[in-house]
Amino acid sequence: MRADSFWAARMQTLVHLVYPPRCLSCGGLVESDFGLCAECWRDTPFIAGLGCDLCGVPLPGSSDHAEHCDECLNIPRPWTHGRAALVYADTGRRLVLSLKHGDRQDIARPAAQWMARRSRDLLRPDMIAVPVPLHLHRLLRRRYNQSALLAEHLARELGIDWCPDALERREATPSLDGKDRNERFETLQGKINVPAWRTRMVEGRPVLLVDDVMTSGATLAACAEACLAAGATEVCVSVLARVAKDA
Ligand SMILES: [Zn+2]
Ligand SMILES: [Zn+2]
């Protein structure tokens, strides 16, 4: 063991004595950092088997080629593939809400590891990870963009570039809560773009669009269209959690 890693291990032990590792979800004691206790792990709906190739929602059975869910068969998706690590339910929902509203930035790294496991097959040469943007007002109120945190850690896991502000929301869009699918798509149309000074980040490259949760897909669609308009060669999507209709 090298001296610095020896001291790093010592420090780690010391930190654990003072701050023992806690479950990300319930705060109970766990064995190692960035983990879930056995109970929360069981209550977290990880997506492991067959998923829709566009939105990641779990599908029944197995298949040797790309399958699409009913929703994605009915709504045009401007991206080519999408993956989700969790279903937005139970502990999956709680983790997303804690990351978004609860100032729990520590969730981003393990969450990105779950996303990386699910999204690795989307990797393309020269790909860049880009988060779904928050409008400046919301960013100032919340102090951080949870999608940017996920994009940063996901890019690190996958060994690709990332750019926190390749996309911008030109105006504050009203909350999408309570809006139906058509209203959501209308509200966001043309509201997100790649600013001129960031065009060179996405031009001629494949983009991995990152968000915490996908509901209707309206926000991701607006972002994907903006990337393609700025010259991205392809857009893929990686989200932490996918809202499943029957969840
Ligand atoms: Zn727990
Ligand atoms: Zn789908």
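Reader: What makes the arrangement around the zinc ion (ligand 2) tetrahedral?

Author: In this predicted model, the four donor atoms around the zinc ion (ligand 2) subtend angles of 105 to 116°. Four donors count as tetrahedral if all angles lie between 85 and 135 degrees, so the arrangement is tetrahedral.

Reader: Which residues coordinate the zinc ion (ligand 2), and what makes them donors?

Author: The coordinating atoms are the SG atoms of Cys52, Cys55, Cys69 and Cys72, at 2.3 Å. The limit for such a donor is 2.8 Å from the metal, and the SG atoms at 2.3 Å meet it. Along the chain, the donors have the spacing C-x2-C-x13-C-x2-C. The pair Cys55 and Cys69 links distant parts of the chain: the two are 14 residues apart, each in the loop between α2 and α3 (70–74). Both Cys55 and Cys69 are buried.

Reader: Why is Cys26 called partly exposed?

Author: Cys26 has a relative accessible area of 45%. Buried requires under 20% and exposed over 50%; 45% lies in between, so Cys26 is partly exposed.

Reader: Is Cys40 buried or exposed, and why?

Author: Cys40 has a relative accessible area of 7%. That value is under 20%, so Cys40 is buried.

Reader: Why is Thr219 called buried?

Author: The relative accessible area of Thr219 is 14%. The cut-off for buried is under 20%, so Thr219 qualifies. Thr219 is found in helix α10. Leaving out residues up to four places away in sequence, Thr219 touches Val132, Arg169, Leu176, Leu188 and Ile192.

Reader: What does helix α10 make with β6 and β7?

Author: Helix α10 (residues 218–229) makes a right-handed β-α-β unit with β6 and β7.

Reader: How do you know that strand β6 pairs with β7?

Author: Eight bridges join strand β6 (residues 206–214) to β7, and the two run parallel. Pairing needs at least two bridges, so β6 and β7 pair. In β7, Arg242 is the bridge partner of Met214.

Reader: What joins strand β1 to β7?

Author: Six bridges join strand β1 (residues 81–87) to β7, and these strands run parallel. Arg83 stands opposite Ser238 in β7. As for cover, nine of the nine residues of β7 (residues 234–242) are buried.

Reader: Why is Arg143 called exposed?

Author: Arg143 has a relative accessible area of 58%. Exposed means over 50%, so Arg143 is exposed. Arg143 has its place in the loop between α6 (136–142) and α7 (146–158).

Reader: What makes the pair Arg143 and Asp103 a polar contact?

Author: A polar contact of 2.8 Å joins their side chains. The limit is 3.5 Å between N or O atoms, and 2.8 Å falls within it. Arg143 and Asp103 are 40 residues apart in sequence and 8.9 Å apart in space, C-alpha to C-alpha.

Definitions and conventions. Residues are numbered from 1 along each chain as its sequence is written. Chains are lettered from A and ligands numbered from 1 in the order in which they are written. This is a predicted model: local features need pLDDT of at least 70, side-chain atom pairs count only at pLDDT 80 or more; totals for chains, interfaces and linings use all residues. Side-chain values use heavy atoms; hydrogens and water are left out. Buried means under 20% relative accessible area, exposed over 50%, partly exposed in between (1.4 Å probe, protein chains only). Helices (H or I, at least four residues) and strands (E, at least two) are DSSP runs, numbered from the N terminus. A crossover is right-handed if, with the strands pointing away from the viewer, the path from the first strand over the helix to the second runs clockwise. Contact means heavy atoms within 4.5 Å. Donors are N, O and S atoms within 2.8 Å of the metal (3.2 Å for Na, K and Ca); water is not among the atoms, so sites may look incomplete. Four donors count as tetrahedral if all angles lie between 85 and 135 degrees; four count as square planar and six as octahedral if opposite donors are over 155 degrees apart and all others between 65 and 115; anything else is irregular. A polar contact is a pair of N or O atoms within 3.5 Å; within protein, one must be able to donate a hydrogen and the other to accept it, and residues adjacent in sequence count only if both atoms are side-chain atoms.
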